[in-house]
Amino acid sequence: MTEDDLATRKMQFLYALRSRGVTDKRVLGAMEAIDRGPFVTGLFAERAYEDMPLPIPCGQTISQPSVVGLMTQALNVSPRDKVLEIGTGSGYQAAILAKLARRVYTIDRHRRLVHEARAIFDALDLHTITAITGDGSHGLPDQAPFDRIIVTAAAEDPPGPLLAQLKVGGIMVLPVGQSDTVQSLIRVNKTETGLEYDELRDVRFVPLLEGLGKE
Ligand code: SAH
C-alpha cells in the first residue's frame with residue numbers, strides 16, 4: 001500500500017466512524033491517534049481500516065471499530081479516570097482508552113494475547129496500560145474501585161464482582177445475553193441509590209468464558 005492509499009483509507013475509516021454515530025471529539029481524536037494497523041496481523045492485516053470485526057489469534061476477534069467507538073463514547077471517560085477492561089484481545093480498545101484515561105488495566109484469559117498486546121503497547125509508548133492474564137469475571141480486587149469498567153466479551157448478566165468494583169458515580173459498559181445470539185450492549189450507572197441500566201443497541205461479541213485459555 002502506498003502512503004497515499006494509507007492516508008485515504010484512514011480518512012474513510014474516520015468517516016465510517018462518524019457516519020455510524022461516533023461523534024464525541026475526544027473519542028474520534030483517540031481513534032485517529034491509535035492506528036488499528038499494528039493490532040491486526042497475518043492474513044487480515046490489509047483490512048485493518050475497514051469497519052469490520054476481524055479474526056485475531058486464539059480464535060478471538062478484534063471488535064468492529066464503530067462498536068469500539070460507540071462503547072468508548074458511552075463510557076464517557078475523563079482524564080482522571082482509572083479504567084478496567086475485561087477482554088484485552090488485540091489490545092486495540094485498551095490503547096484507545098489509554099489516550100483518554102489516567103490509567104488502564106486490561107485482563108485477558110489468553111496469555112498469548114496479553115503478551116502480544118503488551119509488545120504493541122511498548123512499541124507505541126503506551127505506558128499507562130497494565131495488561132494481565134487472568135479470568136476477568138473476578139475483576140481486579142487489588143486495584144479496585146474503578147471509575148469506569150468495559151467488558152468486551154458477552155456474559156449472560158453483568159458479573160457481580162465487576163459491579164462491586166465500580167465506584168459510586170462510575171459507569172460500566174458491556175454486552176449481555178446468551179452467546180451465539182444477538183446480545184444487548186448496556187450501560188450501567190452506579191449511583192448513591194443503586195444501579196441504573198440503559199440499553200444502547202444490539203451487538204455480537206465472543207462469550208465471556210471461565211478460567212484461563214490454553215495458550
Ligand atoms: N477488546 C478487544 C476485543 C476482545 S475479544 C480488542 O480491542 O481487540 C474478547 C476477548 O475476551 C477475547 O480475547 C477473550 O479471550 C477474552 N475473554 C473471554 N472471557 C474472558 C474472561 N473471563 N476473562 C478475561 N478475558 C476473557
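In helix α3, the residues Pro-65, Ser-66, Val-67, Val-68, Gly-69, Leu-70, Met-71, Thr-72, Ala-74 and Leu-75 are buried (buried denotes under 20% relative accessible area, exposed over 50% and partly exposed in between, with a 1.4 Å probe and protein chains only). The helix is thus mostly covered, with 10 of its 11 residues buried. Helices (H or I, at least four residues) and strands (E, at least two) are DSSP runs numbered from the N terminus. The model is predicted, and local features require pLDDT of at least 70, side-chain atom pairs count only at pLDDT 80 or more, and totals for chains, interfaces and linings use all residues. Residues are numbered from 1 along each chain as its sequence is written, and side-chain values use heavy atoms, with hydrogens and water left out.

The axes of α3 (residues 65-75) and α4 (residues 92-100) come within 11 Å and cross at roughly 40°; axes are lines fitted to C-alpha atoms, for helices over the stretch in contact, and angles run from 0 to 180 degrees between N-to-C directions. On the α3 side, the contact (heavy atoms within 4.5 Å) is made by Val-68, Met-71, Thr-72 and Leu-75, and on the α4 side by Tyr-92, Gln-93, Ile-96, Leu-97 and Leu-100. These residues comprise seven nonpolar, two polar and no charged, where Ala, Val, Leu, Ile, Met, Phe, Trp, Tyr, Cys and Pro count as nonpolar, Asp, Glu, Lys and Arg as charged, and the others, Gly among them, as polar.

Thr-72 belongs to helix α3 and counts as buried because its relative accessibility is 1%. Residues up to four places away in sequence aside, Thr-72 touches Val-27, Gln-93, Ile-96, Leu-97 and Leu-100. The C-alpha atoms of Thr-72 and Leu-100 are separated by 9.4 Å, although the two residues are 28 residues apart along the chain. Just after α3, Asn-76 adopts a positive phi of about 45°.

The largest nonpolar core contains 49 residues, and Phe-39, Leu-75, Tyr-92 and Phe-121 have the most contacts inside it. Such a core is a set of buried Ala, Val, Leu, Ile, Met, Phe, Trp, Tyr and Cys residues joined through side-chain atoms within 4.5 Å. At least two residues of this core are supplied by each of α1 (3-19), α2 (25-33), β1 (54-56), α3, α4, α5 (111-123), β5 (129-133) and β7 (166-176). The largest contribution, seven residues, is that of α4. Another core, of 16 residues, lies apart from it and includes Ile-86, Tyr-105, Ile-107 and Ile-149.

Three aromatic pairs are present in the structure; rings of Phe, Tyr and Trp (its six-membered ring) pair if their centres lie within 6.5 Å, with planes under 30 degrees apart counted as stacked, over 60 as edge-to-face and the rest as tilted. Phe-13 and Tyr-49 form an edge-to-face pair, at 6.3 Å centre to centre and 90° between the planes. This pair links distant parts of the chain, with Phe-13 in helix α1 and Tyr-49 in the loop between α2 and β1, 36 residues apart. Phe-13 is buried at 5% relative accessibility, and Tyr-49 is buried with a relative accessible area of 13%.
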